[in-house]
Amino acid sequence: MKQFTVAGKVLSVMFALIWMVGCAGTDVTETDGATSADQERRQMEADEAAKRQAAEAAAAAKKAQMALEAAVDSAGNIVYFDFDKSTLTAATRRVLDAHIALAKTTKKNVRLEGHTDERGTREYNMALGERRAKAVADYMSVNGVASYRVETVSYGEERPAMSGSGEAAWSKNRRVEIK
Amino acid sequence: MKRYIYLLLLVLAWPAQAELVIEITEGRDNPTSIAVVPFAWSGWGAAPEDVASVIAADLMRSGQFAPVARADMLSLPTREQDVFFRDWRVTNVEYLLIGRVVGGASMTVEFELFDVYKQERVTQGSFSGAAGDLRMLAHRASDQVYEKLTGIRGAFATKILYVSVAVRTQAPSTYQLMLADSDGGREQVLFESNEPVLSPAWAPDGKTIAYVSFETSRPAIYLQNLETGVREQLTNFRGLNGAPSFSPDGNSLAMTLSKDGNPDIYIMDLNSRQLRRVTRHYAIDTEAAWMADGRSLLFTSDRGGRPQIYQVDIASGKTERLTYNGPWNARASLAADGRTMVMVQQTEAQFHIAVQDLLQDRVQILTSTTLDESPTVAPNGSMLLYATKYGDRGILAAVSVDGGVKFRLPSREGDVREPAWSPYLGNP
């Protein structure tokens with residue numbers, strides 16, 4: 001999806017370029033005293049400038065996009081929760097902010113998978129996992145990601161990220177995965 | 001209502017690899033001594049099952065009986081005329097069970113129970129069925145002996161559902177929905193998936209089951225007929241589709257749905273497929289279980305901050321909190337007596353199975369293992385099965401409702417969880 005966006009930007013720059021060329025052409029026919037060599041030179045200069053501008057714009061867009069992607073990569077795709085809680089901590093919000101910034105530049109749908117640790121009953125955990133996924137979905141929607149693009153599903157305690165019992169494993173399992 | 005997806009599939013059950021192995025961990029102080037003598041076999045070849053050992057194991061698992069070791073039997077009678085009561089009196093045996101198996105296209109198990117001190121026959125019986133059901137015939141004999149000696153109907157000739165998971169790190173885990181005899185014998189795979197399977201539940205006729213499967217990458221409730229193998233996707237709502245529970249008359253299924261925003265309890269009429277919303281609260285409401293009269297439901301809700309058990313009257317919606325003991329109570333269900341409620345209770349950092357007498361509000365913690373969940377009571381109310389951890393593996397364990405008897409049913413491999421004990425079943 002992000003390639004499309006970059007392509008889109010390149011495309012719009014190209015349209016601008018065609019328009020400019022068109023205008024230049026019109027100018028040329030109306031300028032009586034100019035020699036054909038002059039016309040060619042000016043034409044080439046205009047072409048060069050437009051190409052340079054397009055390339056710079058594309059590079060800038062790509063750089064901005066890469067910065068957003070890098071921010072998401074370093075933030076990671078998983079946010080964590082306290083036992084029996086669905087509260088978003090400051091750290092969690094920072095991770096989500098990176099995803100939101102990127103999501104705003106794309107049309108890609110987001111799937112949020114809520115999980116819990118193994119403690120407690122399975123169906124209650126199924127509901128708790130959904131509550132966590134929805135807390136993340138609400139935060140994304142409040143911050144500008146259209147809610148129809150965000151899907152939530154809860155796996156409860158059925159798919160632990162880390163097996164075994166104890167806080168080391170449990171803290172890794174109380175999570176929402178952003179996909 | 002038109003959005004249900006119907007999925008009809010013929011699912012054939014196939015035999016499984018991992019058998020449950022029973023290990024008794026705690027018994028009663030003074031169990032009744034009973035000798036179950038090897039049954040005589042008449043039929044082609046060797047006897048397909050050791051019927052006497054199946055019966056002896058049933059009685060031993062109840063915790064109320066201590067079967068005599070075969071090495072300690074001075075004689076091995078199979079008919080009344082061969083019984084010498086002094087052989088049993090000298091070894092302090094109280095009851096003697098003898099019998100015969102007649103094999104063929106169908107099997108017949110005949111048995112006679114004697115009181116050694118009174119030197120008289122207490123009961124006798126005969127059960128016939130298909131060759132593959134010989135173990136079930138043995139369980140029926142156990143039921144009759146148990147009822148005669150304890151006054152309580154036996155529940156050995158029943159089945160259990162459970163989920164078996166082969167956890168893999170390199171490849172997707174495999175989730176299997178299993179059906180087995182109440183002693184873990186004759187395991188069959190009913191359904192297998194690489195996506196989670198959970199919450200199996202029995203219809204009161206013992207012929208249909210409901211469960212949750214994630215095979216479509218979202219949870220949905222499925223119905224499966226155990227006799228025909230026909231499988232049907234019952235729900236496909238946005239959000240949660242979980243915790244199915246059949247009404248006592250079998251016509252309705254209570255479930256948890258979050259299609260209207262939050263997890264709430266709904267009841268679906270299984271004939272019309274009409275849905276009725278029972279709870280309406282922004283908190284989590286889930287794990288519905290029916291009261292015996294079918295007029296109200298028990299359910300788990302964290303509307304008070306932490307999960308506790310509530311009861312809702314279906315007609316009026318009037319809701320009452322039932323648990324005040326312990327900071328965390330969930331997944332209640334009711335024994336057949338209509339007043340013994342079993343549930344999962346958190347105490348300190350542990351999760352245990354607890355029972356609460358609804359008439360006297362007395363609460364007792366039954367288990368001392370950790371991470372105990374999914375309690376399910378035998379139809380006679382004597383024992384309950386639950387899931388727990390043993391070492392690092394998920395196993396099934398059982399405890400008597402008074403807490404006196406305990407045994408484990410670990411699987412030979414993988415994790416087992418989510419047991420559901422069947423109602424009484426008709427003749428095989």
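**Entry 1: chain B overall**

I began with the contacts in chain B between residues at least 6 apart in sequence, and 46% of them join residues at least 24 apart; two residues count as in contact if their C-beta atoms, placed from the backbone, lie within 7 Å. I note that this is a predicted model, in which local features need pLDDT of at least 70 and side-chain atom pairs count only at pLDDT 80 or more, while totals for chains, interfaces and linings use all residues. Residues are numbered from 1 along each chain as its sequence is written, and chains are lettered from A and ligands numbered from 1 in the order in which they are written.

I found three helices and 33 strands in chain B (DSSP runs numbered from the N terminus, H or I of at least four residues for helices, E of at least two for strands). The radius of gyration of chain B is 23 Å, close to the 22 Å from the globule rule for 428 residues, so chain B is as compact as a globular protein of that length. That radius is taken over C-alpha atoms, and the rule is 2.2 Å times the number of residues to the power 0.38. Along the principal axes, the C-alpha atoms of chain B fill a box of roughly 70 × 45 × 45 Å.

**Entry 2: burial and strand β33**

I looked up burial next: 47% of the 428 residues of chain B count as buried (20 or more other C-beta atoms within 10 Å of the residue's own; exposed is 12 or fewer, partly exposed in between; C-beta atoms are placed from the backbone). In strand β33(B), residues 415–421, seven of seven residues are buried. Strand β10(B), residues 159–166, runs antiparallel to β33(B) and is joined to it by five bridges. I identified B:Trp421 as the bridge partner of B:Ile160.

**Entry 3: the sheet β21-β22-β23-β24**

I traced an open, antiparallel sheet of four strands in chain B, ordered β21-β22-β23-β24; strands pair if DSSP finds at least two bridges between them. Its edge strands are β21 (285–290) and β24 (319–321), each pairing on one side only. Four bridges join β21(B) to antiparallel β22(B), residues 296–301, and B:Asp285 stands opposite B:Ser301.

**Entry 4: chain A against chain B**

I then followed helix α4(A), residues 122–142, which lies across β21 and β22 of chain B at about 155 degrees to β21(B) (axes are lines fitted to C-alpha atoms, for helices over the stretch in contact; angles run from 0 to 180 degrees between N-to-C directions). The contact takes 20 residues from chain A and 26 from chain B. On the side of chain A, α4(A) gives the most, with eight residues.
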